[in-house]
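We'll go stop by stop, with something to pick at each one.

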Amino acid sequence: MPDARKPLADRRLHFIGIGGCGMSGLALMARELGAHVTGSDTKKTIYTESLARNGVSGVVVGHDVVNVPDAPAEVVFSSAVRPENIERVEARRKGLGEVHRSGLLTELTALHETVAVGGAHGKSSTAALLAHVLTVCGKKPSYVVGALLRPPGVHAAAGAGGTLVIEADESDKSLLNYHVHTAVVTNVDLDHVGDGGAYHDVTDVAKVLGEFATNAKYAIVSAQAAGHLAPFVSEITVVEPELVDGEPMRFRLHGEGYEVNQPGVHQLHNAALVVEVALARGCAPGEIRAALLSFPGLARRFELRGRTPAGARVYDDYAHHPVEVAAALAAARQVAKGRRVLAVFQPHLFSRTQQFQSEFLDALGAADLAWVEPVYPAREKPEDWTHVTEQLAADVTARGPQTRMSPGRAALAQQLLEEAADGDVVMLIGAGDVNALAESLVS
């Protein structure tokens, strides 16, 4: 008789690009659900290291036809893995099935009562916090989170409680395929302008997130999101925390007080959504309060990397949209308590930089000193975007001495070590590899 706890026990899944946050989480959960899992990626990442720590041993660095298993097996791929990838070509030659990562995630949502967290910003933080709260409250959730929880947490698990917590990414509209019991929308904003032209304005985003909310049995959204979704959704629960004057890490909801252990007003709004869902799933306010305060946080989400020899605190944050950069710097001001904030920002994608360049530079104006690194190209080719590189340098120079282009990693590290004094905050901001700079700063 098949084991209901191991519904994927008859599957052999090979993940191409397993080192990404979403793919690695799916791989980990698939293994826990009984699948035989292997995978490959071009390099080691914090996620491949997490997989190794949690029992997924069949991960190879480098794409090669020898990595592809024989039939019966399937390959799982993300949108970043093109059809001409040599492992995908070999899989087709062998007659193996191909499953897009969103297709596998859709399968998993059909096996659980799914809570899906959508929105432009804060999906990873909100989904991870919700998974943590439900776990602490004894609900034994399954979850797949698109960022690595700081130890001792993991970013995916198969629990026995029947609930699955996931992120619902709107970039390719695959979230509309999921089987969703409760839809959570953190906010509505325009972001994915370079991803195949899926969205032209915020109304396009609102329509998709509105359909996502309508497809679910319940929809729980922030007040900001509600303003955009109102024309497209008839029934939603709007969550607006009551902020407490003089206490920037506390809020009230339904007459109860709660506290978070992560700085930033945006964290209070994310936590309020989590509280609303947790209450609906049978958690008691006292349990939720304790769980919020024990949340370990996420890697690369306002993560303290250490201190410089002079005593400045160095934080790493994944922010890659102007709204997120502004939120990260506001949180930095909160913890700096009157000391200076120094920021290094690495734009992510030329298309996003072109769309939001002025807004990025406006957001960086909240720092006392800010350096802008060259654009991290990700899947885009720098030679196709030289006009963006030139315009960025010109606009940064025009902003004056408070904002400047990076002189290069080694020279920038030296400047930061000379500038940052005891008590100052250094923010490394971006979704690329700007976090590597911390290794040159932390003593």
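Before the first stop, a working definition: on a 1 Å grid over the protein atoms alone, a cavity is a set of points where a 1.4 Å probe fits but cannot get out, and lining residues have an atom within 4 Å of a point. This is a predicted model, where local features need pLDDT of at least 70 and side-chain atom pairs count only at pLDDT 80 or more, while totals for chains, interfaces and linings use all residues. Residues are numbered from 1 along each chain as its sequence is written, and side-chain values use heavy atoms, with hydrogens and water left out.

**Stop 1: the second largest cavity**

Select Phe-345, Pro-347, Thr-353, Gln-357, Phe-360, Leu-361, Val-372 and Leu-392: they line the second largest cavity. Its volume is about 40 Å³, taken as the space filled by probe spheres set on the grid points, which are joined across faces, edges and corners. Which helix gives the largest share of this lining? Colour α11 (residues 350-364), which supplies four residues. Helices here are DSSP runs (H or I, at least four residues) and strands are too (E, at least two), numbered from the N terminus.

By class, this lining has six nonpolar, two polar and no charged residues. The classes go like this: Ala, Val, Leu, Ile, Met, Phe, Trp, Tyr, Cys and Pro are nonpolar, Asp, Glu, Lys and Arg are charged, and the others, Gly among them, are polar.

**Stop 2**

Axes are lines fitted to C-alpha atoms, for helices over the stretch in contact, and angles run from 0 to 180 degrees between N-to-C directions.

**Stop 3: the largest cavity**

The structure holds two cavities of 30 Å³ or more, and the largest has about 120 Å³ of space. Of its 14 lining residues, the closest to the centre are Ser-125, Leu-129, Gln-262, Gln-267 and Phe-295. Colour α5 (123-136) and α8 (265-280), the elements that give two or more residues each; α5 has the largest share, with three. This lining divides into five nonpolar, seven polar and two charged residues.

**Stop 4: the sheet**

Now pick out the open sheet of five strands, in the order β3-β2-β1-β4-β5 with parallel pairing. Two strands pair if DSSP finds at least two bridges between them. β3 (59-61) and β5 (97-100) stand at the edges with a single partner strand each, so one side of each has no neighbour in the sheet. The twist averages 20° from one strand to the next. Zoom in on β4 (residues 74-77), which pairs with β5 over four bridges; Val-76 has Val-99 in β5 as its bridge partner.

Next, show α4 (residues 101-110), which lies across β1, β4 and β5 at about 80° to β5.

**Stop 5**

Go to Pro-72, in the loop between β3 and β4. The peptide bond from Ala-71 to Pro-72 is cis, with omega near 0°. Finish at Lys-173, in the loop between β9 (163-168) and β10 (182-185): its phi is positive, about 65°, although Lys-173 is not a glycine.

Note on methods: On a 1 Å grid over the protein atoms alone, a cavity is a set of points where a 1.4 Å probe fits but cannot get out, and a pocket is an open set with protein on both sides within 12 Å along at least five of seven lines; lining residues have an atom within 4 Å of a point. Contact means heavy atoms within 4.5 Å.
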